[in-house]
Every structure is written in C-alpha cells, then in structure tokens.
Amino acid sequence: MQDAALMNYIDRRILSVEKRLEKCNQDILDYVEEFRDFSKMVQSRLAGLNNYKAEVKSEVENLLRRIERAQRDIDYLGSATDSNICIEVHEDLVKQQLLEEAEEKKNLRLVFNASCDHMLAGIKSLKIVKKTGDKHGSWMKDPGKKHAKIYVLNGSVNNVILEFANIMTFMESNHTLKARRVTLPFPWEGTGHIVYQGFLFYHRYGSLNEIIKFNIQKKNTTDRMLLPGAGRIPAYQLSPSTKIDLAIDEQGLWAIHAEPETGGNIVITKINHITMAVEHTWDTPCNSKDAEAAFMVCNTLYVVYNLPSGGTSRIQCIYDILGAVNTSEIPALHFPRRQGSHSTIHYNPKEKQLFAWGDGSQIIYKLHTKQKV
C-alpha cells in the first residue's frame, strides 16, 4: 500500500516537472521569437539611421559649399561698386580704396609674373603621333623635368600609368611592351590629370573634389587636397566624365571646373603644387555649355568649344586673370584640318605645344603666339 502511494507521488512529481519543462521550452521559444522581432526592428532602425546619416552628411556638405560660395560673393561685393545705390563716401576713403585696389593688382602681377606677356594668336599645325587606346584619355610630358618621358593615361576611369622613355618608343607598334607600368593606389576620374615636377596630380575616382598628388618614381601618395566648389557638375558639357581639369602653364598648377552657382560658368583656381594650397580663385565669363576642353597659357584661360556630334574645334572664350588681354577683339581660333572632338587638351609650357587626345588619337598642336595687347 505504501509502495503504491510512493509510486503515485513520484508519477505526479515527474508529470509536474515535465509540465514545467514544457512551459520553460515554450517560454524560451517565445523569448527567441521576441528577440528576432526586436533584432529586425533594431536593424530596420539602424538602416534608417544610416540613410539619415548620409542625408545629414550631404546636407552639411551642401551647406558648407553654400557658405563658402556666399563668402566669395561677400568678398566680391565688398570690393565692387553698386552703380544702382547712391552712397556718399568721403574723398579720403575713395582714395584709400583705389590705393588698395592698385596694390592688390600690383601684388597679383608680382605673384603671377607679369613678365609672362605672350598670348595665343593661332594654331599653326597638327601632328597625329599615334592612334591607340580608348576614345577618352590623356597623354603628356613633364614640363618640370629635363627628361623626354611620355606618360599615357588611357580611359576616363583607370589606375595604371604607362611611362615611355621617349616619344619614339611610344610610337613603336609594340609600344606597350616597352612601357613602365605604374599602378596608382586610387583610380582617377575623367581625363583632367597632369604630370609636373615628377608628380601626377589627378581627381580621385569616387570622390567629389579630392585631388591626389602621387610621386611617380617612388609610387606613393605624398599629399591630397579638397578643391572647394568643384566636382558637382562637369567642367565641360561635351566631356561629362571630367569634373576637375588640372592644367600647367608658365606659372605652375591650375584647376579648371564649373559650378552651378555661376550658371555653369568656368572657375579657375591657382594651386601651389608644393603645399597643395589654394592661392587664388577667379570666376570667368566662359560657359561650360558646348565646351569640350580648356587649357592655360601664361595666366590666360582658353576654352575650346565644339558641336555635340563633333566638328571643328574652336577657341571662342578667353579669360586673362590680370586683364592684360582685350578678349572682345579676338576672333575665334580654329583647330586646323581636323573634324572630331577632344577629350583633353594640355599645354606644355616648356615646348610651347598642346598635347591633345582626340577620338583615340594622340595629337600635338604647334602654336603661334604674340605679345599681349
């Protein structure tokens, strides 16, 4: 009798434990389900936060650009005279302002070497050196070095430079076998890069306005900078891949780009190639519409225009930063004996020639110059 009661008691205890285990299992399943729902909610909110973070970052960058642009406008308005407002100004103050303006022009002439007094009068001839590579690309010499090396950067997005010992090596049929290949740590964007003093300066692909300074012989990045206001629209409407076009003339390194705030007009910026710092910026009257390329010669911007379908390239907007060129009296300058388009045109101040890439061809244009009027 006692044994039966004991067995009955044990069975009830086992049943109770089993029910508790079953409830425990069910609670665990409920907790797992709740945790999954909570995890999904957290992931969803994190995704939303990431999107919000990107939007905030974009808004902040846009705000900074607008502030910078506003500052430039304020600086300009502060130095300009509004003819529509009548203001009584003390005679001594007017004299002081005139003296300050004269001093600023004098300083600019000293900084940008007023002795550089020649300007482009015409394009004498062309020579098609070779036809190789993509429709878009860039080729050049280093005007800051004594060697005769040729640098070829094929395509509007790439990360490999081809370096040739001289132009004859480049012209050979198996030229790629004799090239030194230099791989960049970051690919370039567009065709607006330039080689100067042993360094490649280029717009980094995927960035808004980052310019990289790369040592070609040591194969390393030595410096970088952000170019204010650049990168949002193409520098030239007919070359949409190029947002920042870098140029070299007798005064060193320049950047050419367009901004929405200027109505698409081209902006030029003088950059110190050693410190990678902005020295001065000018808004030009030259519009990027129907432009395919531009270059600098002796402190003067020359913008090349064409038809969207391709035709005879012509220079019909010129801007001299020192006002030493009367651009209203200059006729359009046409490129000789060639129908097509250019993806890049770079001036070599050492050889006084243009190195151009047109429809896959590498071209040299010889120039005719004259004294600035």
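Strand β12 (residues 265-272) and strand β13 (residues 277-287) run antiparallel and are joined by 7 bridges; two strands are taken to pair if DSSP finds at least two bridges between them. Within this predicted model, Thr269 has Thr281 of β13 as its bridge partner. The two strands form a hairpin with 4 residues between them, and Met276 in the turn has a positive phi of about 60°. Residues are numbered from 1 along each chain as its sequence is written, and, the model being predicted, local features need pLDDT of at least 70, side-chain atom pairs count only at pLDDT 80 or more, and totals for chains, interfaces and linings use all residues. Side-chain values use heavy atoms, with hydrogens and water left out.

Turning to the whole fold, the protein chain has 3 helices and 20 strands, which are DSSP runs (helices H or I, at least four residues; strands E, at least two) numbered from the N terminus. Of its 373 residues, 42% count as buried (under 20% relative accessible area, with exposed over 50% and partly exposed in between; 1.4 Å probe, protein chains only). The protein chain exposes about 20,900 Å², and carbon and sulfur atoms supply 55% of that area, as computed by the Shrake-Rupley method with a 1.4 Å probe. Among contacts (heavy atoms within 4.5 Å) with a separation of 6 or more, 54% come from residues 24 or more positions apart.

Now to the helical part. Leu6 lies in helix α1 (residues 2-79) and counts as partly exposed because its relative accessibility is 48%.
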